[in-house]
Amino acid sequence: MILAKVLNKIYKKGGIILEDLSGQKYIIGNPPKDQPIILKLLKNNLKWKLILDPEIEFPEAYMRNEIEIKNGSLEQFLMSLVKNLGREEITTASYFSKKIFEIARLVSNFNLPGKSRKNVEHHYDIGGEKGEKLYDIFLDKKHRQYSCGYWKEDTKTLEDAQQNKIDHIIKKLNVKNGDKVLDVGCGWGGMALELAKQKGCEVTGISLSKNQINYCKKKAKELGLDNQVSFELVDYREIKGVYDKIYSVGMFEHVGRKFYNQFFKSINKLLKNDGSFLLHTIGVVDKPSPPNKFINRYIFPGGICPSLSQITKSIEKTGLIVSDTETLIRHYDKTLLSWLERFNAKKDLVKDMFDEKFVKMWSFYLASCAAAFRYRDLVVFQLQIVKNFDSAHPTRDYIYS
């Protein structure tokens with residue numbers, strides 16, 4: 001089987017058993033003698049589909065129950081595959097398929113305000129009220145953060161990692177009592193509410209998700225912070241005002257390449273001359289690359305992870321200054337695996353809320369992204385951005401003092 005030959009070229013460490021529909025088994029790499037992972041194909045056409053376009057064909061086949069993984073979990077299989085694959089492409093055909101997709105998407109994808117709202121609704125407002133319950137299942141209980149945690153050496157829990165992340169960003173922003181702060185893409189509001197609580201400042205959070213804004217407003221009232229924190233259902237291109245500090249955590253991936261320049265122009269307009277902006281975004285360490293087909297079709301339509309060069313190029317065009325850059329490596333894989341563990345523990349409940357296909361789709365999303373952050377090309381960039389040199393800190397001492 002050609003697929004077996006392709007996989008044998010990939011596997012340098014460890015191995016699996018590939019089994020076709022007839023029961024024929026192929027040894028891939030050097031699998032353990034005791035209970036090796038078996039990848040069983042339940043459709044004959046997968047022998048060539050997985051060669052031509054594995055990025056979309058594998059997860060779709062998995063969702064249709066046409067692939068079975070024995071003696072191991074989906075997470076274990078994907079980790080072993082991506083560890084061996086690294087930052088390479090599976091096949092030449094796969095590379096060209098991705099390039100064609102990149103060109104087609106570049107021509108067709110326009111994340112204008114209306115389209116952006118629909119994209120956000122697809123993920124965050126999924127299933128109406130059920131969507132809110134879904135996120136309650138796997139996110140941290142204290143702040144409901146749907147972005148990368150900050151895992152120190154002694155960090156043990158997801159809750160601690162998310163508190164670390166919030167504290168780290170608050171320190172970087174150097175927020176003062178009475179500052180006016182804008183949260184672009186506020187999510188479920190945890191960071192905005194914690195910032196207001198810690199610093200006694202005024203925070204405005206914006207999102208395009210009705211579920212998120214409704215949840216945030218309720219939470220602000222529960223915590224008695226609704227006099228300090230407000231939340232608005234509005235696009236970043238439509239928000240008004242001027243702010244001392246602005247931050248955006250996990251939202252820039254939804255902006256779209258055509259609108260990077262406009263995003264930073266908006267930030268420049270909203271930020272005071274002596275203010276500062278912190279951007280926290282997933283990014284790729286390689287040159288600009290196309291979005292993942294599976295993620296784009298099923299999870300985050302319109303989304304794409306930028307390279308550092310794409311981000312800085314757009315910043316330079318606005319006159320803004322990058323005052324500090326930090327790359328978080330091996331943080332998001334831990335976060336995603338924590339989410340996956342909690343999701344799997346309640347997958348029967350998720351199945352009742354949605355269906356089995358949804359459970360498989362989200363399991364693949366969380367597991368494949370964890371593998372990509374651990375072994376492939378994904379990291380998190382934290383950029384501090386100012387309008388002038390006087391607003392920049394000469395050292396990082398203020399963060400840790």
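**Exercise 1. Find out which residues Glu19 is in contact with, leaving aside its neighbours within four places in sequence, and describe its setting.**

Step 1: Start with the contacts, where contact means heavy atoms within 4.5 Å. Leaving aside neighbours within four places in sequence, Glu19 is in contact with Gln24, Lys25, Ile38, Leu39, Lys40, Leu41 and Lys70.

Step 2: A quick word on what you're looking at. This is a predicted model, in which local features need pLDDT of at least 70 and side-chain atom pairs count only at pLDDT 80 or more, while totals for chains, interfaces and linings use all residues. Residues are numbered from 1 along each chain as its sequence is written, and side-chain values use heavy atoms, with hydrogens and water left out.

Step 3: Glu19 sits in strand S1 (residues 15-19); strands (E, at least two residues) and helices (H or I, at least four) are DSSP runs, numbered from the N terminus.

Step 4: Check its accessibility. Glu19 has a relative accessible area of 7%, so it's buried (buried means under 20% relative accessible area, exposed over 50%, partly exposed in between, with a 1.4 Å probe and protein chains only).

Step 5: Look for a polar partner. The side chains of Glu19 and Lys40 make a polar contact at 3.0 Å. That term means a pair of N or O atoms within 3.5 Å; within protein, one must be able to donate a hydrogen and the other to accept it, and residues adjacent in sequence count only if both atoms are side-chain atoms.

**Exercise 2. Work out where Thr155 lies and what its side chain reaches.**

Step 1: Thr155 is in the loop between helix H7 (129-138) and helix H8 (158-173).

Step 2: Follow the side chain. It reaches the backbone nitrogen of Lys152 at 2.8 Å, and a polar contact of 3.0 Å joins the side chains of Thr155 and Asn164.

Step 3: Not counting residues up to four places away in sequence, Thr155 touches Tyr150, Asp160, Ala161 and Asn164.

**Exercise 3. Explain why helix H3 counts as largely enclosed, then see what comes just after it.**

Step 1: Go through H3 (residues 54-63) and you'll find that 10 of the 10 residues are buried. Among them are Pro54, Phe58, Tyr62 and Met63.

Step 2: Draw the conclusion: because 10 of its 10 residues are buried, H3 is largely enclosed by the rest of the structure.

Step 3: Move on along the chain. Just after H3, Asn65 takes a positive phi of about 65°.

**Exercise 4. How many disulfides does the structure hold?**

Step 1: A disulfide is a pair of cysteine sulfur atoms within 2.5 Å. The structure holds zero of them.

Step 2: Compare their accessibility. Cys305 is partly exposed at 24%, whereas Cys369 is buried at 14%.
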